[in-house]
Amino acid sequence: MISDAQVPLEHRQPYGTAYEQMLEKVRYDGAYPTRERADEAVRLVLAGLGRQLTGDERVDLAACLPLEAARVLTAQIPDTRPLTGWAFVKDLAARTGASLATTRWDTGSVFAAVAAHAGPDLIARILDQLPTGYALLFGRAELTPAA
């Protein structure tokens with residue numbers, strides 16, 4: 001997992017209410033057994049998204065998220081080669097050693113919470129910026145223009 005998840009519990013700072021609510025949404029939607037497991041998923045997926053997202057969409061998304069989530073997103077340096085949605089899931093799975101199915105589940109659970117904070121207009125802008133495959137991860141149809 002990512003480095004923040006390895007900090008011993010006694011040294012972690014308490015989370016703000018907004019982040020706690022986000023964790024509860026992820027925990028409920030993802031059917032995670034513990035808040036800690038939901039927190040791991042949030043940190044993993046937001047770090048990955050932070051490596052993909054640039055520009056105004058990155059700034060605007062960070063402004064919508066709870067402070068703890070925004071820090072995870074913005075602590076990442078964007079990759080020079082953007083990944084498709086499927087490559088994004090494969091990259092996260094490779095970083096954690098988790099299965100592709102588990103990582104896909106984590107991504108969908110976290111992106112649902114992100115979408116709730118960001119709203120449909122910002123999510124549409126984010127999807128316009130990212131390569132193909134992310135709409136499905138956000139629970140939306142992937143529409144392609146007619147040729």
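Student: In this predicted model, what percentage of the contacts between residues at least 6 apart in sequence join residues at least 24 apart?
Tutor: Take the protein chain and keep contacts between residues at least 6 apart in sequence. Then ask which of them join residues at least 24 apart. The share is 64%.

Student: How many helices and how many strands does the protein chain have?
Tutor: Read the elements from the N terminus on: they run α-α-α-α-α-α-α-α. The count is eight helices and zero strands.

Student: What share of the protein chain is buried?
Tutor: Buried means under 20% relative accessible area. The chain has 147 residues. Buried residues make up 41%.

Student: What span should helix α2 have, and what is the distance between its end C-alpha atoms?
Tutor: Helix α2 covers residues 35-50, which is 16 residues. At 1.5 Å a residue, the helix should span 22 Å. The model agrees, because the end C-alpha atoms are 22 Å apart.

Student: Is α2 mostly covered or mostly open, and how many of its residues are buried?
Tutor: Go through the helix residue by residue. Among the buried ones are Ala38, Asp39, Arg43 and Leu46. Helix α2 is mostly covered, and the number buried is 12 of 16.

Student: Is α2 oblique or parallel to α4?
Tutor: Two packed helices are described by the angle between their axes and the distance between the axes. Here the axes of α2 and α4 come within 7 Å and cross at roughly 45 degrees. That angle makes α2, relative to α4, oblique.

Student: Which α4 residues does α2 meet, and how does the contact divide by class?
Tutor: From α2 come Arg43, Leu46, Ala47, Leu49 and Gly50. They meet Ala69, Val72 and Leu73 in α4. By class, this contact has six nonpolar, one polar and one charged residues.

Student: How is α2 set against α6, perpendicular or parallel?
Tutor: The two helices pack with their axes 9 Å apart. The angle is about 85 degrees. That makes α2, relative to α6, roughly perpendicular.

Student: Which residues make the contact of α2 with α6, and what classes are they?
Tutor: Helix α2 gives Arg37, Ala41, Val42, Leu44, Val45, Leu46 and Leu49. Helix α6 gives Thr102, Asp106, Thr107, Val110, Phe111 and Val114. They divide into nine nonpolar, two polar and two charged.

Student: What is the phi of Ala31, and is Ala31 buried or exposed?
Tutor: Most residues other than glycine have a negative phi. Ala31, in the loop between α1 and α2, is not a glycine, yet its phi is positive, about 55 degrees. Its relative accessibility is 60%, so Ala31 counts as exposed.

Student: How far apart are Trp105 and Ala31 in space?
Tutor: Trp105 is found in helix α6. In sequence, Trp105 and Ala31 are 74 residues apart. In space, C-alpha to C-alpha, the distance is 10.0 Å.

Student: Which residues does Trp105 contact, leaving aside its neighbours within four places in sequence?
Tutor: Trp105 has a relative accessible area of 48%, so it is partly exposed. With those neighbours left aside, its contacts are Asp29, Gly30 and Tyr32.

Methods: Residues are numbered from 1 along each chain as its sequence is written. This is a predicted model: local features need pLDDT of at least 70, side-chain atom pairs count only at pLDDT 80 or more; totals for chains, interfaces and linings use all residues. Side-chain values use heavy atoms; hydrogens and water are left out. Helices (H or I, at least four residues) and strands (E, at least two) are DSSP runs, numbered from the N terminus. The expected span of a helix is 1.5 Å times one less than its number of residues. Buried means under 20% relative accessible area, exposed over 50%, partly exposed in between (1.4 Å probe, protein chains only). Axes are lines fitted to C-alpha atoms, for helices over the stretch in contact, and angles run from 0 to 180 degrees between N-to-C directions. Angles under 35 degrees count as roughly parallel, over 145 as roughly antiparallel, 65 to 115 as roughly perpendicular and the rest as oblique. Contact means heavy atoms within 4.5 Å. Ala, Val, Leu, Ile, Met, Phe, Trp, Tyr, Cys and Pro count as nonpolar, Asp, Glu, Lys and Arg as charged, and the others, Gly among them, as polar.
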